[in-house]
Amino acid sequence: MRPAEDPAFFALLTGSFLRLVGRPLIPEPDYGPDWLYVQAPFAVLAHDTSADPRFVYANRAAQRAFGYDWQEIVGMPSRLSAEAPERAERQRLLDAVARDGFVSGYAGIRVAKDGRCFPVTEGIVWQLVDECGTVRGQAATFPLTA
């Protein structure tokens, strides 16, 4: 089962967000994995804990923002979501998230599949921590801009 449909992965995303950020990721408690993947009006992405972290989740809003479909973005190194000059800043952000649990108010420039750069504002990046305290990766959410 891919994470887009996996209730356990949904629980990891939403549970980590609630525990670390202190508020729900989704607006209604009865919204589930399908709503977050298909209907959410904001982007959500997640990557794993490998040495060169790879995306394991990108909802449809994130896929639209970056111009990739599920098969293209999942498995892609997450560092490729930023242009080379932006990667050092992105790494500082990820290090701060690992240290502090989450960072809110993130703003930066990201790059789409077609090379188009676009701003990310009001982003929140958080650790994906399961119920046993094991770090499973990091996730990010940001509103979509027109």
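# Salt bridges, cores and a sheet

Q: Which side chains meet in a salt bridge with a gap of 3.0 Å, N to O?
A: R99 and D100. A salt bridge here is a side-chain nitrogen of Lys or Arg within 4 Å of a carboxyl oxygen of Asp or Glu.

Q: What kind of model is this, and what pLDDT do local features need?
A: The model is predicted; local features need pLDDT of at least 70, side-chain atom pairs count only at pLDDT 80 or more, and totals for chains, interfaces and linings use all residues. Residues are numbered from 1 along each chain as its sequence is written, and side-chain values use heavy atoms, with hydrogens and water left out.

Q: Back to that pair. Is R99 buried or exposed?
A: R99 counts as exposed, at 61% relative accessibility. D100 is at 45%, so it counts as partly exposed. The cut-offs: buried is under 20% relative accessible area, exposed is over 50%, and partly exposed is in between (1.4 Å probe, protein chains only).

Q: How many salt bridges does a search of the whole structure find?
A: The search finds 6. Another one joins D114 and R116, at 3.9 Å from N to O. D114 counts as exposed at 60% relative accessibility. R116 is partly exposed at 37%.

Q: Which residue forms a salt bridge with E131?
A: R19 does, with the closest N and O atoms 3.1 Å apart. E131 sits in the loop between β4 and β5 (135-143) and R19 in helix α1, so the pair ties together parts that are 112 residues apart in sequence. Helices (H or I, at least four residues) and strands (E, at least two) are DSSP runs, numbered from the N terminus. E131 counts as exposed at 71% relative accessibility, while R19 counts as partly exposed at 43%.

Q: New topic. Which residues touch the most other members of the largest nonpolar core?
A: L13, L36, Y57, W126 and L128, in a core of 21 residues. Such a core is a set of buried Ala, Val, Leu, Ile, Met, Phe, Trp, Tyr and Cys residues joined through side-chain atoms within 4.5 Å.

Q: Which elements each supply at least two residues of this core?
A: α1 (7-21), α2 (33-39), β1 (42-47) and β4 (117-129). α1 gives the most, with 6 residues. There is also a second, separate core of 20 residues, which includes A58, A62, V97 and F118.

Q: What does L128 touch?
A: Leaving out residues up to four places away in sequence, L128 touches partners including F9, L12, L13, A46, H47 and A139. Contact means heavy atoms within 4.5 Å.

Q: And aromatics: how many pairs does the search find?
A: There are 9 aromatic pairs in the whole structure. Rings of Phe, Tyr and Trp (its six-membered ring) pair if their centres lie within 6.5 Å; planes under 30 degrees apart count as stacked, over 60 as edge-to-face and the rest as tilted. F9 and Y57 have ring centres 5.6 Å apart and planes at 35 degrees, so this pair is tilted. F9 lies in helix α1 and Y57 in strand β2 (residues 55-58), so the pair ties together parts that are 48 residues apart in sequence.

Q: Are F9 and Y57 buried or exposed?
A: Both F9 and Y57 are buried.

Q: How many bridges join β1 to β5?
A: 6, with the strands antiparallel. A46 stands opposite A139 in β5. β1 also pairs with β2 in the antiparallel sense, over 3 bridges, and H47 stands opposite F55.

Q: Which β1 residues point one way, and which the other?
A: F42, V44 and A46 point one way, A43, L45 and H47 the other, and all are buried.

Notes. Two strands pair if DSSP finds at least two bridges between them.
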